[in-house]
Amino acid sequence: MDTGESDDGGRVPSGDAPNVTMEEFYEALLAAERPVLTPRQIARETDLSEPDAREALDRRVEDDALARASVESDAAVFYPAEWRDPAARERVVVFANRREIVVDRPTQYTRARLSQFAHLVDTSAGEPDSRGYLYRIREEDVWAAPFEELEALLSSLRSVCSGRHEALEEWVADQWKRAHRFRLVTHEDGYVVLEAAAESLMGTVVEDHLEDDHLRAPISETEAWVNEDAIAAIKRALYEAGYPVEDDRDLESGEPIDLEMGTDLREYQREWVETFLENRAGVFVGPPGSGKTVAAIATIAAVGGETLILVPSRELAEQWRTELSTHSDLEPDDIGQYHGGEKAIRPVTIATYQTAGMDAHRHLFDSREWGLIVYDEAHHIPSPVFSRSASLQAKHRLGLSATPVRETGSEEEIYTLIGPPIGADWDTLFEAGFVQQPEVEIRYVPWRDDDAHNAYASADGRDRYRLAAENPAKTDEVRSLLSRYDDRKALVFVEYLDQGAAIAEAIDAPFVSGETPHHERRRLFEAFREGDRRVLVVSRVGDEGIDLPNAGLSVVASGLGGSRRQGTQRAGRTMRPAGSALVYVLATRGSREEEFARRRMHHLGRKGIRVRETTAEE
Ligand SMILES: Nc1ncnc2c1ncn2[C@@H]1O[C@H](COP(=O)(O)OP(=O)(O)OP(=O)(O)O)[C@@H](O)[C@H]1O
């Protein structure tokens, strides 16, 4: 519909002029989860055409109901005029030098606004008992902020901070500029060009940070012909130098695909997909079970181009096929599996990272122009595949990750090579009840006797770590937890094969490890899922992504020395919408595991998950 002739009666107050009521405006803000709206967004949320929306908004500015943040017609954004009044706002304290913002009891709406250009550090900042949310603005937050214009970002910042903070704004503006200094574009003759915003950048930044073979030849003072094999390396090098590159290459997608969703998205999933479509790249970051896979399927539908889904294991490939059929009308014939014995390219193709990384299959991926590449468990992408698949031709790149934090600090790599993080605060998801908040308990298990303790004390390095991990007293603790919760499906996670075998024997349950054949693993997981199998002992292999929706109890017997990512994954096993969720993490009393356990769980605590500590003797 394109005129003001709406049938709701309220939109056409006098004459034929289009109108937007304040109620509609607020609703549109909430729907878009944006602090400010453009005429186009208003048009999308109401049934006005874009020119009519623009006219209606301009008139509300004249009434002083709305304020406009920019005078340039294309970049104009609108927000309620009352937001100029600080008294009407939540209490916000800005620490400009530290680039930190503390908001007392922020509304979900304020949090949504902040998450566009800052990241949540802590939810218990400020006074004791307060719910002060501490946000920090890092370089990469500004680089990835989903705004077309700097002015829109600044006005969003001002609207949250209720006023100007010159130094902070200057810093933000500076960061913004850095992220708009280099661009990769496709020349009309088909080759790739690196464009710099100024001559001096070519001279300094490029000289200092790129290798000789990254560029083939200069084209002008500000442009160079790029070696296409080095695109990922160039992006990474410039990112590290503090100049993230905008990737505006002209990439064609393959055959279009036509796919209808059979599942309605939740509000936040819709927001994820929309944000993704705006940026054409990004990583959905949400706790396990928060619906990333379903949102990814909706993204495939929205992009409508040939899609490659990369997954870490064959079990996950299988799971994707099922999910695609469950949530969309994609026919089995439209789904190709590309791994092991089966190698079929279809409108939607699922491949393992392992196969995708093999030289023998490189051409298949390189020679195609995918409309969308989905990286499942994006924090899990093996390094060689990382650089290779990042240079795959794709119009859109979508990562999925429950835990983007990598111990190496290389989460930046994920965001450079795939795209900026997209996601709700975890506690928002817990609060909304979409993901059950697990109860996590760190349980300290004493050494069985002095001998065991002494052996630990006199060992060193890896041996110590292993002795603590394999403390035999943990087996008793596992047994006692299993009998205490004998009505729950339970997973016991272990780090070492010997320990897994020992625990499995002691509790008479199967042990699933990397040595278990694929078909056997699948059978066991299925038996667990479908009902007759109550307990599984699982080594690292079962650790990620395998959908075990009905685990009501997880016992992490060892594996704390692993990465932070693992701690979250393991706790995540039980974070499913169905059933209550309990996680026990066993740590040997008086060993380094104590400290490890606290640190890992602190990380979960920061994600809004409740953690408790007890001792096994209690
Ligand atoms: N919009 C929705 N409506 C109904 N059910 C949904 C919706 N989104 C997700 N679900 C269900 O919630 C469960 C978890 O969803 P999904 O598998 O997409 O989560 P995930 O974040 O990908 O989990 P993981 O990180 O473990 O892979 C699934 O059973 C899925 O069918």
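In the predicted model, the buried residues of helix H3 are Asp52, Ala53, Ala56, Leu57, Arg60 and Val61 (buried: under 20% relative accessible area, 1.4 Å probe, protein chains only; helices: DSSP runs of H or I of at least four residues, strands: runs of E of at least two, both numbered from the N terminus). An α-helix has 3.6 residues a turn, so residues three or four places apart point the same way. Asp64, which follows H3, has a positive phi near 70°.

Residues are numbered from 1 along each chain as its sequence is written. Local features require pLDDT of at least 70 and side-chain atom pairs pLDDT 80 or more, while totals for chains, interfaces and linings use all residues; side-chain values use heavy atoms, without hydrogens and water.

An open sheet of mixed pairing is formed by five strands in the order S9-S10-S8-S7-S11 (pairing: at least two DSSP bridges between two strands). Strands S9 (215–218) and S11 (245–248) stand at the edges with a single partner strand each, so one side of each lacks a neighbour in the sheet. Strands S7 (residues 182–186) and S8 (residues 192–196) pair in the antiparallel sense over five bridges, and Val185 stands opposite Val193 in S8.

Elsewhere, Val283 lies in strand S12 (residues 281–285) and is buried, with a relative accessible area of 0%. The C-alpha atoms of Val283 and Tyr375 are separated by 8.7 Å, although these residues are 92 residues apart along the chain.

Methods
Buried means under 20% relative accessible area, exposed over 50%, partly exposed in between (1.4 Å probe, protein chains only).
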